[in-house]
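I opened the notebook to go through the backbone, the sheets, the cores and the ring contacts in turn. The entries follow the order in which I looked things up.

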Amino acid sequence: MQLKPLNTLTITLMLFFTFVILFFSGFLEFPSVSTSIDHHQPRQRQEQQQSLFNADSRLPSIEKSAPAPFTDLLSAFSRWDSQVSCARFRERHNESLTRPGSPASLQDVGGDCGELKIDHVNVLVKGWTWIPDNLDNLYSCRCGLSCLWTKSSVLADQPDALLFETTTPPLQGYEDIVCGVETILFACHFKLLHVSATIDISIKLSFPCAFQRRKGGPLRVYMDLEAGRKKSGLEDIFISYHAKDDVQSTYAGALFHNGRNYYVSSYKRNDTLVYWSSSRCLPQRNRLAKSLLSLLPHHSFGKCLNNVGGPDMALSLYPECTNDASLKPKWWDHLHCAMSHYKFVLAIENTVTESYVTEKLFYALDSGAIPIYFGAPNVWDFIPPHSIIDGTKFSSMEELASYVKALANNPVAYAEYHAWRRCGVLGNYVKTRATSLDTLPCRLCEAVSRRGGRNAKRWHTG
């Protein structure tokens with residue numbers, strides 16, 4: 001039987017009703033004018049921008065709006081206050097405030113006062129390269145402990161501990177050094193198939209060197225804050241940046257350098273976005289810096305990739321950063337002041353190592369700029385919530401540069417990176433500061449007191 005062909009009207013009606021059913025059921029959707037045409041940008045570019053602003057879960061999306069270049073940081077704060085506020089910021093970052101950092105990142109400050117064995121400790125700093133003089137002081141510490149930290153052998157003529165920073169503690173002061181190989185002989189008797197036999201067995205055991213301090217001698221303390229921290233083998237107490245060692249000292253303290261100009265400018269350059277300064281030109285760090293800075297307007301001070309006409313040009317650009325006109329300026333004198341004129345500071349660690357978060361990051365935070373950071377993978381355990389741009393979270397330098405440019409032209413989004421300081425939302429940063437060089441004297445004296453000072457166990461194995 002031959003089927004009758006459908007006429008044109010029937011086919012048209014069938015297609016129409018099918019289309020209507022699909023549309024109202026949600027399978028079809030007409031594009032709106034606002035989504036299909038957005039400032040005449042191609043759809044692919046819009047998708048790239050949207051993914052860009054969500055590149056890092058720790059970075060909030062930047063509202064897509066007309067660029068609003070700004071130079072006054074205080075006006076950006078005012079706009080943020082009216083549109084966001086501290087209450088919303090605290091609510092947004094409540095999880096990061098209640099979630100503690102990794103226990104492997106920061107030591108707990110405190111402990112049982114009953115563990116202290118002596119109530120006064122003298123620490124004599126014997127070898128050092130950068131420990132500042134203004135750390136010398138008589139400290140009143142917790143648990144009624146007093147602590148004298150000094151570089152003077154007159155003030156601490158009978159120290160409870162000798163501190164060596166970078167300089168390895170000498171063998172002087174030790175006695176009865178024993179190390180080497182011990183040979184143990186023993187006989188093994190056995191009987192097999194009615195046959196008795198005896199075998200002499202010799203075993204050589206290697207013993208590490210054991211150092212015995214002279215009775216009543218001071219404890220030896222060795223401090224190494226470099227990335228490849230390594231014990232000397234001659235110390236009783238080891239200080240490093242890592243929480244796994246005896247005493248931790250982070251780089252977050254304010255005492256690394258004194259006599260600095262801490263003037264912070266409210267003016268932020270809009271023509272030059274990024275500050276970078278490095279005089280130790282490591283190839284890997286230079287390559288990374290160049291790959292990003294080539295995409296952004298920047299000033300590079302120091303010896304590496306310098307583009308400002310010389311390593312000492314900061315004071316020419318910012319004479320208000322002069323600390324003392326009668327003295328020859330040092331590179332750190334004007335560091336904070338010069339950084340404060342830029343919206344961003346590029347901070348790249350010498351080495352990517354767990355917990356190795358150095359002054360490169362903390363100087364930028366203190367200057368009122370936003371750090372663009374490349375370094376320790378657990379950096380968020382040390383810093384306030386929403387305070388840095390983690391460069392490792394972006395898929396490419398181009399993506400990172402686009403984010404930085406967008407942020408520089410959005411005063412509200414930019415001001416949010418400063419909210420932690422203005423609203424007192426510090427997170428793990430409280431603990432980072434509590435374990436810094438600023439508090440090291442009291443914490444070291446506690447460690448010495450717990451061991452009993454000069455009455456501590458004499459044998460030390462290295």
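**Loops and positive phi**

I began with Ser85, which lies in the loop between helix 4 (73-83) and helix 5 (86-92); helices (H or I, at least four residues) and strands (E, at least two) are DSSP runs, numbered from the N terminus. I was working on a predicted model, in which local features need pLDDT of at least 70 and side-chain atom pairs count only at pLDDT 80 or more, while totals for chains, interfaces and linings use all residues. Residues are numbered from 1 along each chain as its sequence is written, and side-chain values use heavy atoms, with hydrogens and water left out.

Ser85 is not a glycine, yet I noted a positive phi of about 85 degrees for it. Is His386 buried or exposed? With a relative accessible area of 3%, His386 is buried.

I traced an open sheet of 7 strands in the order 2-3-1-4-7-8-9, with mixed pairing; two strands pair if DSSP finds at least two bridges between them. Its edge strands are strand 2 (137-140) and strand 9 (247-248), each of which pairs on one side only. Strand 2 and strand 3 (residues 146-150) run antiparallel and are joined by 4 bridges, and Ser140 stands opposite Ser146 in strand 3.

The other entry is an open sheet of 5 strands, in the order 11-10-12-13-14, and here the pairing is parallel. Strand 11 (298-301) and strand 14 each have a single partner strand, so one side of each is left without a neighbour in the sheet. I counted 4 bridges between strand 10 (residues 274-277) and strand 11, which run parallel, and I found His298 in strand 11 as the bridge partner of Val274. Helix 7 (residues 283-293) packs on this sheet and touches strand 10, strand 11, strand 12 (344-348) and strand 13, contact meaning heavy atoms within 4.5 Å.

In helix 7 I also looked up Lys290, which is exposed, with a relative accessible area of 55%. Lys290 and Cys304 are 14 residues apart in sequence, and their C-alpha atoms are 9.9 Å apart in space.

**Cores**

The largest nonpolar core has 48 residues, and those with the most contacts inside it are Trp149, Leu163, Ile383 and Leu444; such a core is a set of buried Ala, Val, Leu, Ile, Met, Phe, Trp, Tyr and Cys residues joined through side-chain atoms within 4.5 Å. The largest share of this core, 6 residues, comes from helix 15. A second, separate core of 38 residues includes Cys304, Phe344, Leu407 and Val412.

**Rings**

How many aromatic pairs does the structure hold? I recorded 13 aromatic pairs, and ring pairs link Tyr275, Phe301, Tyr318 and Tyr342 into a cluster; rings of Phe, Tyr and Trp (its six-membered ring) pair if their centres lie within 6.5 Å.

Key: Buried means under 20% relative accessible area, exposed over 50%, partly exposed in between (1.4 Å probe, protein chains only). Axes are lines fitted to C-alpha atoms, for helices over the stretch in contact, and angles run from 0 to 180 degrees between N-to-C directions. Rings of Phe, Tyr and Trp (its six-membered ring) pair if their centres lie within 6.5 Å; planes under 30 degrees apart count as stacked, over 60 as edge-to-face and the rest as tilted.
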